[in-house]
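Morning, everyone. I have one structure to walk through today. Please have a look at it on the screen before I start.

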Amino acid sequence: MLVHEGTSRNIGTDLRLGCTLAAMAGAINVTGFLSVGYYCANMTGNLSALATSLTADGKLALVSCLGLIGAFIGGGVAATLLVNAGHRRGVHAVYACGIVLEGALLAGLGVLAEILPLEQTAWMLAYGLSFLMGLQNATVTHISGARVRTTHMTGMLTDFGIELGQWLEHRHAGETLARVRERLRLHGAIILSFGLGGIGGVALYIRCGVMGLTLMGVTLIVLALPTVVRSMREG
């Protein structure tokens, strides 16, 4: 799911990729909110808060939102540079490398947030998680040709609504209906995975606190590292 690109991908690889990383993003998003009071995966709310802070003389909120948005964009920039560099060098597992990087940084953030006082790590945690969500979303966007997004559900819900309308319109057209059902399945599964990941993230935070981020990071590494190792062995 972290190697094939473009037309070589099918519904199965997109489902595995989308559901796995959407669940992780949902868990990370709620952990960030429970830890520092900000959603780090969805920038729509932060953009709205940015506009509100301009009218309410909320200088701290303004700086916070700008930082979160900037960090998310920075993650997208980093992912694009990594993917482009990997393509130039013929690294087939470049997307898996991006997820391994995300996992390692996420695990490190969890450890630092656990051992240092919260007042010293709150902004690092908020900006760091936003950066990683930008990194993940851009990586998934590149590999799937923008068919899959995993860190925010507004676009997925919009696509689900569109495909549901298409299903109502073409429910008696065989080939068209099959394609619509395929896309409905993909978008619906990703939305459900994000929600279930959020529930799991709450449970993990109650049990482990911010160290849950470290467990999530290790999980990402375990998922992606075999692809990197296999690619290196195959040359």
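At what angle do the axes of helix α1 and α5 cross, and how close do they come? Keep in mind that this is a predicted model. The answer is a crossing at roughly 165°, with the axes coming within 10 Å. Over 145 degrees counts as roughly antiparallel, so α1 and α5 are roughly antiparallel to each other. The crossing of α1 past α5 is left-handed.

Now the residues. On the α1 side, which covers residues 11-36, the contact uses D14, L17, L21, A25, I28, G32, S35 and V36. On the α5 side, we have L118, A122, L125, A126, L129, M133, Q136, V140, I143 and S144. Sort them by class and you get 13 nonpolar, four polar and one charged.

Stay with α5, please. Helix α5 spans residues 118-144, and it also packs against helix α4, residues 94-115. The angle there is about 165°, and the axes lie 10 Å apart. That makes α4 roughly antiparallel to α5. The crossing of these two is left-handed. The contact of α4 with α5 has 16 nonpolar residues, six polar and one charged.

Let me step back to the whole chain. How many helices and how many strands does it have? Eight helices, zero strands. Read along the sequence, the pattern is simply α-α-α-α-α-α-α-α. The chain has 235 residues, and 44% of them count as buried. What about contacts along the chain? Take those with a separation of 6 or more: 73% of them come from residues 24 or more positions apart.

Next, charges. Side chains of opposite charge can pair when their charged atoms come close. How many salt bridges are counted here? One. The partners are E163 and R183, and the N to O distance is 2.9 Å. E163 sits in helix α6, residues 154-170. R183 sits in helix α7, residues 174-208.

R183 is at 33%, so R183 counts as partly exposed.

To recap: α5 is roughly antiparallel to α1, and α4 is roughly antiparallel to α5. The salt bridge joins E163 and R183. Thanks. I'll take questions now.

Notes
Residues numbered from 1 in each chain as written. Predicted model: local features only at pLDDT ≥ 70, side-chain atom pairs only at ≥ 80, totals over all residues. Heavy atoms only, no water. Axes fitted to C-alpha atoms, helices over the stretch in contact; angles between N-to-C directions. Helix = DSSP H or I, 4+ residues; strand = E, 2+ residues; numbered from the N terminus. Parallel < 35°, antiparallel > 145°, perpendicular 65-115°, else oblique. Left-handed = near helix turned anticlockwise from the far one by under 90°. Nonpolar A, V, L, I, M, F, W, Y, C, P; charged D, E, K, R; others polar. Salt bridge = Lys/Arg side-chain N within 4 Å of Asp/Glu carboxyl O. Buried < 20%, exposed > 50% of the residue type's maximum accessible area, 1.4 Å probe, protein only. Contact = heavy atoms within 4.5 Å.
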